[in-house]
Amino acid sequence: MSVFARKSLANLMLESQESGEHSLKRTLGPVQLTALGVGAVIGAGIFVLSGLGAHYAGPGLMLSFVLSGFGCAFAALCYAEFAAMIPLAGSAYTYAYATLGELFAWIIGWDLTLEYAMGASTVSSGWSNHFIELLDIFNLKLPLWLAYDHWTGLRTAENLVARQMATAADPSLAPGTSDFLNKVGDIVSAQSPELLQRAHDLLSPPVLFGNEIGFNLPAFLIALVITAVLTIGIRESARFNAVIVTIKVAVVLFVIGLGLKYISTSNWGTDWTSFAPFGFSGIGAGAAYIFFAYIGFDAVSTTAQEARNPQRDLPIGIIVSLVVCTILYISVSAVLTGMVPWREVNIEAPIARAFLDRGLTSASHVITFGALAGLTSVMLVMLLGQTRVLYSMSKDGLLPQRVFGEIHPRFRTPWKNTILVGLIAAIVGSITPIDDIGKMVNIGTLLAFVMVSVAVVILRHVSPDQARPFRTPWVPLIPALSVLFNGYMMYKLGWINWLRLIVWLVIGLVAYFAYGIKHSRVQQALKAGGEVTLR
């Protein structure tokens, strides 16, 4: 028994040719795969993170998006080679199994849960925030305890009261500016009795078994709706995603088109110093903050067993979706920093505020709707990716196949798996403060990028003659750049997130040695003195 046992490429290729009612349904073409990639990447980040990045990079924010895009592009080229060569649903998990061995495959599969399932929970909460903004447009309000988990609801109430206190103390402060937010932060940090009492009165939470409760109802419901869509079929899910992607891309193009009329080129500066007020280090810092607006393109590779022609179409879906998103991101950042001097860019809602300041209220409402649509498709692709990784792990015996691998005879989806993952994402997103979970999503994703990049180099040496419909160019340079760039981003996340990642992986190793290694079909084949085709 060896924890470093690898699955042979011959077995993997046989698995990829499965068909029949117990296999996933191949219905996706290059347009649908590209739409899934765009759906996973473009969320509220394009409307929010650009504001924070501008305060680090100035007008050089455009180069920050270029820099981040390069980091993702290096990883995307590595993913594209594997996705075309090993067209299976497990994505980085499957690639690691073929190159690094079972233990590393388990680690990356367990790690991907941080990116996909916990990512979906994070996004469901963000979706809820924008849904509440949409309700405000129509003067509809939910009680705070029903719009947030208890801890987030209490912080929100404190923030609302602190804003009122800041405005009362200094009416000259403009909401959303750095000075205003610093004042609000000082008031919240002081935790005065007046602030705490007014915030608690505003929250007015119900009490259950002696404990105050909060429940993010919109987050819970949207996760269930997405779960239902995914359960009834991949074709239906892809169509739903395509509609949502069309809406949000239209909103982004609307922002670019309308914003062009209000650009003042003087806001971009006249030389390098005014274009990049904090130099290249500022551009790098901006890139670090907005990098995570790119997360999600790798989810395309998890649909390999549902693509009609995966060897050709998966590289197209991965690379084209990343290129499209990068162009849109750079364009939006150019419009933002051209409309507003970078020092005056609103941090909380930069794009919407830029239009509101010019009296374009309807445009800001359209942006809110676009952010809502963006998060809907992100959640769909995150949950889709998670269920397909778990499906692959169950086919290998590392997870119970009756729960995670059973295919619905009519819908041809892993229905039990999908319902379970959707319920977990809904519950976590509705009762848990997810700021810290969101940071774990980032480090988990970057670890997957690093391991896939390493695996490309290893497989080039182990199986140099294996057919590769798509080849990562300039190996080992491109994988090395991916490792260096994404490893640096992991380092910048700080020790607390490394500690959380280590704890999560230790829990995963306990699960592997308690169940996975005992039921692994590769291990069983080794005991029998041969190999097995995992069907």
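**Figure 1. Buried residues of helix α5 in the predicted model.** In this predicted model, the buried residues of α5 are Ala92, Tyr93, Thr94, Tyr95, Ala96, Tyr97, Ala98 and Thr99. The helix is mostly covered, with 8 of its 8 residues buried. An α-helix has 3.6 residues a turn, so residues three or four places apart point the same way. After α5 comes Gly101, with a positive phi near 105°.

**Figure 2. Ser91 in the loop between α4 and α5.** Ser91 lies between α4 (61-85) and α5 (92-99), in the loop that joins them. Is Ser91 buried or exposed? Its relative accessible area is 1%, and because the cut-off for buried is under 20%, Ser91 is buried. With neighbours within four places in sequence set aside, Ser91 is in contact with Tyr79, Asp298, Ser301 and Thr302.

**Figure 3. The aromatic pair Phe4 and Phe104.** The search of the whole structure finds 18 aromatic pairs. One of them is formed by Phe4 and Phe104, whose ring centres are 6.1 Å apart. The angle between the two planes is 35°, and the pair is tilted. Which parts of the chain does the pair link? Phe4 sits in the segment before α1 (9-16), and Phe104 belongs to helix α6 (residues 102-115). These two residues are 100 residues apart, and the pair links distant parts of the chain. Phe4 is partly exposed, at a relative accessible area of 47%. Phe104 is also partly exposed, with a value of 32%.

Figure 4. Why is the pair of Tyr512 and Phe513 edge-to-face? The planes of the two rings stand at 70°, and the cut-off for edge-to-face is over 60 degrees, so the pair is edge-to-face. The ring centres are 4.9 Å apart. Tyr512 counts as buried, at 0% relative accessibility, whereas Phe513 is partly exposed, with a relative accessible area of 43%. Ring pairs join Tyr512 and Phe513 with Trp106, Trp110 and Trp504 in a cluster.

**Figure 5. Thr432 and His150.** Thr432 is found in the loop between α20 (415-431) and α21 (435-462). The relative accessible area of Thr432 is 23%, and the residue is partly exposed. How far apart are Thr432 and His150 in sequence and in space? They are 282 residues apart in sequence, while the C-alpha to C-alpha distance is 8.1 Å.

**Figure 6. The whole protein, as context for the close-up views.** The protein contains 24 helices and 2 strands. For 535 residues, a compact globule would have a radius of gyration near 24 Å, and the protein agrees with this, having 24 Å. Along the principal axes, its C-alpha atoms fill a box of roughly 80 × 65 × 40 Å. Of the 535 residues, 57% are buried. Among contacts between residues at least 6 apart in sequence, 83% join residues at least 24 apart. The protein exposes about 21,400 Å², of which carbon and sulfur atoms supply 66%. There are 34 positive and 31 negative side chains, and the centres of the two sets lie 9 Å apart.

Definitions and conventions: Residues are numbered from 1 along each chain as its sequence is written. Side-chain values use heavy atoms; hydrogens and water are left out. Helices (H or I, at least four residues) and strands (E, at least two) are DSSP runs, numbered from the N terminus. The radius of gyration is taken over C-alpha atoms; the globule rule is 2.2 Å times the number of residues to the power 0.38. Buried means under 20% relative accessible area, exposed over 50%, partly exposed in between (1.4 Å probe, protein chains only). Contact means heavy atoms within 4.5 Å. Accessible areas come from the Shrake-Rupley method with a 1.4 Å probe; for residues, only the protein chains shown count as cover. Lys and Arg count as positive and Asp and Glu as negative; His and the chain ends are not counted. The place of a charge is taken as NZ of Lys, CZ of Arg, CG of Asp or CD of Glu. Rings of Phe, Tyr and Trp (its six-membered ring) pair if their centres lie within 6.5 Å; planes under 30 degrees apart count as stacked, over 60 as edge-to-face and the rest as tilted.
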